[in-house]
Amino acid sequence: MFDRKEIEMKVIDVVTETLALEVPANLEDSFREDLEADSIDIVTLMVCLQEELGHSFEVNDLHGKNTLLDVVNFIEKLCLGDAVPA
Amino acid sequence: MRVFISGIGLVTPAGISRDSTWLSLLEGRNCTREIPSHWHNYYNYRSVIWSPLPDIDFKDYGFRRNEILQKDPFTLICLVATQEALKHAGIQTELTDKRANTYHLPEQDPTKSGVFIGSTVGGGDTYIKVISNHLLSRVKKLAVDTWGDSSEVEALMASFSYPKSYTPFAVPMVMPNSVSASIGIKFSLTGINRVVEHACASGTTAIGLAYQSIQRRECDYVICGGADYYSDDFGMNFRGYDVARTLATMPPDGDISKANRPFDKDRTGFVFAEGGAATLILESESHIEKRGGEPIAEIVGFGETFDAFSIMAPEPEGKQIERMIHMTLDEAGITPDEVGYINAHGTGTAANDQMEADIIERVFGKDVAINSTKSIIGHTIGASGAIEAAICALSLRDQEIHPSLNLDNPIADINFVSVRRKTNFNYTFSESFAFGGHNSGLVLKKV
């Protein structure tokens, strides 16, 4: 089980690695506009987060999550057992 | 149009590079090991031996996490071999996209750059992973519904070691053409891009077709070879060959080093390899001269025929194999006695070896030197022909032939190489025969 701070760090690290960013991503960054991620990047990000966090979720679960913060909120709920699968 | 081999990359059970593989072969280091112990949980195998690959961390070879997630190991090992082949050929690469980790070859015309790779099953590891997730997730749900979410159910399901999620990249990882496509994407090559699926002859045929594409001036240079990866957590791929009774068994005295013995009277089948990849860079004479490349060997002949006999067995008299050999020699413009060394298909099965030895004696006589690379590294299936063509090129370069292991009682009185041999020869013949009935061969010439 991860606390919110740990989840934030994992999401930032995975996004920075997956998208080969020169500087770490910010929680407010949007995937498409700020980070220029395409749909394959986002699916890859989802798979990496599954590996890092040990949670299984579907590709569709990340649809509508526009920023890193949206993903952190979703995963935090998942850890607490409150997330609603897509 | 003359066609030269200018680069070689290898990933085999004998080593993860051209030089480590070649040295292991020359020294006759036996790669046969016992199969993973947990495979016995699933089936009572007739054969209990195989030839595993060395451990590979693909990050050590410059691949990003994204690529490793999105590609089956058969594609990744072929990319490792391709990177090595380009490096040895001295072909410059420049990074074009850091995120995608893709390159271009600034001195080459991408439209005249081809890719031809042979493979048998494509992403078999991924296919079994997604099947196991798909089926066992249902089994787990039924078990939990029936017996509750108990520690016993958890332990039972954990014993299957199946992936907890179904990869969203399943289709592009499984499809056989992902290997040639991945090479084309990685190096921004827009010429002919093909995968050849001729089972155990795939690698040889892919190189032959690549050679022809340069002869026809469709390509200036080609990345070609073969790749297969057959490991899985359940021994499922291995079982397919085991039930077909094609695999070598443990000798009665338990000496595993004696199990792999092509062309020997006590052979029992072939040793199944976990996987392998070989990539060769082929170039036209004008292309290699223009860029100042160094040729390793020249390809001077290619031929292929089809048995039209059985999906699993070679035609016993080998008429179409013999026709393929003559076709290949004719194209090379040489007579059988000019061939100094044959890298045989040499699997170790009863049917193949006797037929192949008979054909060699009939066509080439008793003097030509013969060995089996499979006697050391096992059978890498779709990669085998490409690995063996690479070994022929290195043999021509060094004028040296690696030993064929465990030839204690040869099945024929012909010139098998059982001890590493330095010799002088100008031409080699590499031949491959496949399930289905595909036969193909290459003649390589010393430069």
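Me: Where is the place of B:Ile299?

Reply: Helices and strands here are DSSP runs numbered from the N terminus, a helix (H or I) having at least four residues and a strand (E) at least two, and B:Ile299 has its place in strand 10 (residues 297–306) of chain B. This is a predicted model, in which local features need pLDDT of at least 70 and side-chain atom pairs count only at pLDDT 80 or more, while totals for chains, interfaces and linings use all residues. Residues are numbered from 1 along each chain as its sequence is written, chains are lettered from A and ligands numbered from 1 in the order in which they are written, and side-chain values use heavy atoms, with hydrogens and water left out.

Me: Is B:Ile299 buried or exposed?

Reply: Buried means under 20% relative accessible area, exposed over 50% and partly exposed in between, with a 1.4 Å probe and protein chains only. B:Ile299 has 2% relative accessibility and therefore counts as buried. Contact means heavy atoms within 4.5 Å, and, leaving aside neighbours within four places in sequence, B:Ile299 is in contact with several residues, including B:Val3, B:Ile5, B:Tyr211 and B:Leu444.

Me: Which residues have the most contacts inside the largest nonpolar core?

Reply: In soluble globular proteins, nonpolar side chains tend to be buried together. A nonpolar core is a set of buried Ala, Val, Leu, Ile, Met, Phe, Trp, Tyr and Cys residues joined through side-chain atoms within 4.5 Å. The largest one has 46 residues, and those with the most contacts inside it are B:Ile5, B:Ile8, B:Ile207 and B:Leu282; helix 14 (residues 384–398) of chain B gives the largest share, nine residues. Apart from this core lies another, of 31 residues, among them A:Val11, A:Leu19, A:Phe31 and A:Ile42.

Me: How many aromatic pairs does the structure hold?

Reply: Rings of Phe, Tyr and Trp (its six-membered ring) pair if their centres lie within 6.5 Å, and planes under 30 degrees apart count as stacked, over 60 as edge-to-face and the rest as tilted. Over all chains there are 16 such pairs. The rings of B:Phe238 and B:Phe272 have centres 5.3 Å apart and planes at 90°, so this pair is edge-to-face; B:Phe238 lies in helix 9 (residues 236–243) of chain B and B:Phe272 in the loop between helix 9 and strand 9 (275–284) of chain B, 34 residues apart. B:Phe238 is buried at 0% relative accessibility, and B:Phe272 is buried with a relative accessible area of 1%. B:Tyr241 and B:Phe270 form another edge-to-face pair, 5.9 Å centre to centre with 75° between the planes.
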